[in-house]
Amino acid sequence: MEPQHTTDDLDTLVLRSALGWQSAGLAVVLVTVARTWGSSPRPPGSLMAINARGETVGSVSGGCIEDDLVQRIREGGVQAACASDVPAVLRYGISADQAHRFGLPCGGTVELVLEPVTARSRLAELLLACEQRQGTERVLDLQTGEVTLREGLRDSLPRLDAQQLITCFGPKARLILIGAGDLSRYMSQIALTVGFEVIVCDPREEQRASWHLSGMTSGVTLSHEMPDDLVLRLKPDARTAVVALTHDPKLDDLALIDALQSEAFYVGAIGSRRNSTQRRDRLREHFDLPDTALAHLHGPAGLYIGSKTPAEIALSIMAEVVAAKNGVLLPKAPVEEQQAALPVAQGKLQQEGSAQAALLDEAASTAVQDRA
């Protein structure tokens, strides 16, 4: 494999920045969204780090709460946020006036835990566990600031009581693409933008030789392994998606056989509906994959958006991958139904556009008559 530098997702970026500032001798506060009520711009578990200079990474709201916290620290130092060098719990949006002042939606309340970052925060150990793709619970003692790390699930919500805050961390989302070509290039660009680690696998030297990401090599690993060897070695977990893009059964099927028997949250392959049906039949008849495994295969991969170009196809596939990662169910209507609906929708837009134009013409005519 040809490793390159990794691109951090937002949580990792916040933790790494906080650790870097603390190591450089700056006072740092780590802010966690512990709980929310009503509408909230950022979900529980969101992180932000603020140093003594008022520099920030991450966010906990739409911006107004961040501004308030930065002002507090600039005027009174870290002690203004965390008195006595122990964590503090702060709630925003209790009243309608506060909600309006801090840009929270009507009825929205955010509860934050502010933690001074010290050696006892154990951020280096937490980052190492995440890099090793270990799900980790971080238990923060609110009375002392001491931190305990233990095995846990990545996607559990934070838990806060009078004694402790428990937050969950783990491996970043990972995307394995089989095939080095235009489609994997565009998918890699989108995946990096939304925080995925990307691995592109292609044993064909001529394909790898011409594959590159202009100015975006960070976060992508290019592998020359056979797809099945790669999948078996990486053991896709519940934070991994696998997409086969070569149109070559000798490569795609090898990856799909093992991926469909893994914990991967998404397994997909491109191709026509006819080819997708043939692929399922082939995997069932020649490789004894049960229907329960084949039911998890997304093929043709992607949401129907009328894609024509590799970039548009990449967008449709990544939209489906992200939806699966976030637990959103997207039942697919038959392609014929979606294609049939497209002209109807276009016609409706044209009608609405014509009606709007007529109204504008009428308004303009009335304005002329009024001036006359």
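Figure 1. Which residues of the largest nonpolar core touch the most other members? Among its 26 residues, they are Leu175, Met187, Phe196, Val243, Ile317 and Val321. A nonpolar core here is a set of buried Ala, Val, Leu, Ile, Met, Phe, Trp, Tyr and Cys residues joined through side-chain atoms within 4.5 Å, and buried means under 20% relative accessible area (1.4 Å probe, protein chains only). Two or more residues each come from strands S10 (174-178), S11 (197-201), S12 (220-223) and S13 (240-244), and from helices H5 (182-193) and H11 (310-325). Helices (H or I, at least four residues) and strands (E, at least two) are DSSP runs, numbered from the N terminus. This is a predicted model, in which local features need pLDDT of at least 70 and side-chain atom pairs count only at pLDDT 80 or more, while totals for chains, interfaces and linings use all residues. Residues are numbered from 1 along each chain as its sequence is written, and side-chain values use heavy atoms, with hydrogens and water left out.

**Figure 2. A closer look at Leu175.** Setting aside neighbours within four places in sequence, Leu175 is in contact (heavy atoms within 4.5 Å) with Met187, Ala191, Phe196, Glu197, Val198, Ile199, Ala241, Val243 and Met318. A second, separate core has 22 residues, including Ile176, Cys201, Val242 and Leu256.

Figure 3. On a 1 Å grid over the protein atoms alone, a cavity is a set of points where a 1.4 Å probe fits but cannot get out, and lining residues have an atom within 4 Å of a point. Around the largest cavity you will find Leu30, Thr32, Leu47, Glu115, Arg138, Leu140, Leu165, Thr167 and Phe169. By type, this lining has 5 nonpolar, 2 polar and 2 charged residues. Strands S1 (28-37), S6 (136-141) and S9 (164-169) each supply at least two of the lining residues, with the largest share, 3 residues, coming from S9.

**Figure 4. Strand S9 and its partners.** Is S9 mostly covered or mostly open? S9 is mostly covered, with 5 of its 6 residues buried. S6 and S9 run antiparallel and are joined by 6 bridges; Asp141 stands opposite Gln164 of S9. Strands pair if DSSP finds at least two bridges between them. S8 (residues 159-160) also runs antiparallel to S9, with 2 bridges, and Leu160 has Leu165 as its bridge partner in S9. A hairpin through 3 residues joins S8 to S9.

Technical notes:
1 Å grid on protein atoms, 1.4 Å probe; cavity = no way out; pocket = protein on both sides within 12 Å on 5 of 7 lines; lining within 4 Å. Nonpolar A, V, L, I, M, F, W, Y, C, P; charged D, E, K, R; others polar. Buried < 20%, exposed > 50% of the residue type's maximum accessible area, 1.4 Å probe, protein only.
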